[in-house]
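Hi,

Here is the structure I promised to pass on.

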Amino acid sequence: MIRSVVRWALALQPQVADSIVAAAVTGVALLLVHRDPPFGVGPLTEVTVGLVVLSVLPTAFRRLAPVPVLLLTSAGYSVYGICGYPDVISPFGVWLALYTVAVHRPPRLSVPVILTVVPLMLAVLAVARDSWLTLLQGILHAGVAWLLGASRHSLTQRNRQLAELAVEMHADRERQAQRAVTEERVRIARELHDVVAHHMSVISVQAGLARYVFDTDPATASTALGTIADTSREALDEMRRVLAVLRLPADDDAPEPEFDPQPGLDQIETLLERVRAAGVPAELVVTGVRRPLPPGPDLCAYRVVQESLTNVIKHALPAAATVHLEYRPRELVVRVVDDGDGAGVGGPASPGHGLAGMRERSRLYEGSLSAGVRAHGGFEVELRLPLPPLE
């Protein structure tokens, strides 16, 4: 309740200040008018008091009704002058009301009102007092009051626009931050999918083989278990590398953990050996001159080959796969072809995110990816990545 009272008092503060100023100026004006002629009108009458009050006191409500207050004060001061009373009070109320109209109303409204009311009042006073100097002084005072009010109105509008722009920029920063978080989550999810899907597929196949020949062929079972151990160790290393970006070190001075570099096309042979161990005959065909690639496209090409071979293990067995790397002057073409039945890799039986993740990776580096069943059987994935020109 106290907080509500404080807010109410703060909201009333400008109105209270205007009322105090208007009452004080009205009192001073009455005291000036009450003096003996020629400096005053002598004893006050109801008409004199009413005209003085009408000329000044409405300014107490100038913020609530700027245009009506300007009309009232102008009318009161005009009648005061027409009645022939001495010019012992200045048109303070009129100029304050004019200033308020210019502050609280746009120029398209304030200018027509002021040009209609003020010149008429000044002309009436000039004729009534037979003094064109009054007209010139009034025009000067009115111009100054309007310019001050219009400047204040322009400044207020500019501050409001800046405040709105600041709010919009803050909201835009929030949206960008949220978008960055979402993109980072998608990137991490894509990395985890690539790592887990491939290695777990190999482990699953090798575990099944080891269980099948455990009693009849111990050597083959031992080789399969070794492959499982190596593959699981590699999967853990890659997962630690991916998850490291989610951890904040407790001590800024603590050394960061060291990891092996991200895989690239130079590790394709190791990948193919792991695929062969899972029961998929795989070979590599390289066309053109192999050369080092930027880290991003290199990792992208490796992950596409890895995901394509994982799909062969998961969906196309029994099948053989061939990886084609074609190095062109300005482009790298990666093709992974298998001779399986092609079902499940991109069809309705496989609603996974492998192909979608590969396409996202290719778009990150301004590349393109196509995938589909081949006319003569099997499945083909083709990645095209732009490369810097050869020097």
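**Confidence first**

This is a predicted model, and within the protein the confidence is lowest in helix α1 (residues 2-33), with a mean of 74, and highest in strand β2 (residues 321-327), at 94. The score here is pLDDT, the predictor's confidence in each residue, from 0 to 100. Helices (H or I, at least four residues) and strands (E, at least two) are DSSP runs, numbered from the N terminus. For the protein, the mean pLDDT is 80, and 81% of the residues reach 70 or more. Watch residues 343-352: pLDDT stays under 50 there, and the model has 12 contacts beyond four places in sequence for them. Contact means heavy atoms within 4.5 Å.

Two notes on how things were done. Residues are numbered from 1 along each chain as its sequence is written, and side-chain values use heavy atoms, leaving out hydrogens and water. As the model is predicted, local features need pLDDT of at least 70 and side-chain atom pairs count only at pLDDT 80 or more, while totals for chains, interfaces and linings use all residues.

**Helix pairs**

Axes are lines fitted to C-alpha atoms, for helices over the stretch in contact, and angles run from 0 to 180 degrees between N-to-C directions. Angles under 35 degrees count as roughly parallel, over 145 as roughly antiparallel, 65 to 115 as roughly perpendicular and the rest as oblique.

Helix α3 (residues 66-82) and helix α4 (residues 92-104) have axes that come within 9 Å and cross at roughly 160 degrees, so the two are roughly antiparallel. Their crossing is left-handed (the near helix is turned anticlockwise from the far one by less than a right angle; clockwise would be right-handed). On the α3 side the contact includes V67, L70 and Y77, which with others meet a set in α4 including V94, L98 and H104. Those contact residues divide into 9 nonpolar, 5 polar and no charged. Ala, Val, Leu, Ile, Met, Phe, Trp, Tyr, Cys and Pro count as nonpolar, Asp, Glu, Lys and Arg as charged, and the others, Gly among them, as polar.

Helix α9 (residues 295-316) has two partners to look at. With helix α8 (residues 268-277), the axes come within 11 Å and cross at roughly 10 degrees, so α8 and α9 are roughly parallel. I268, L271, L272, R274 and V275 of α8 meet Y302, V305, Q306, L309 and I313 of α9; by class that is 8 nonpolar, 1 polar and 1 charged.

With helix α10 (residues 354-364), α9 packs at about 165 degrees, axes 10 Å apart, which makes the pair roughly antiparallel. This contact has 4 nonpolar, 4 polar and 3 charged residues.

**Salt bridges**

The whole structure has 9 salt bridges (a side-chain nitrogen of Lys or Arg within 4 Å of a carboxyl oxygen of Asp or Glu). One of them joins D172 and R175, with the closest N and O atoms 3.5 Å apart.
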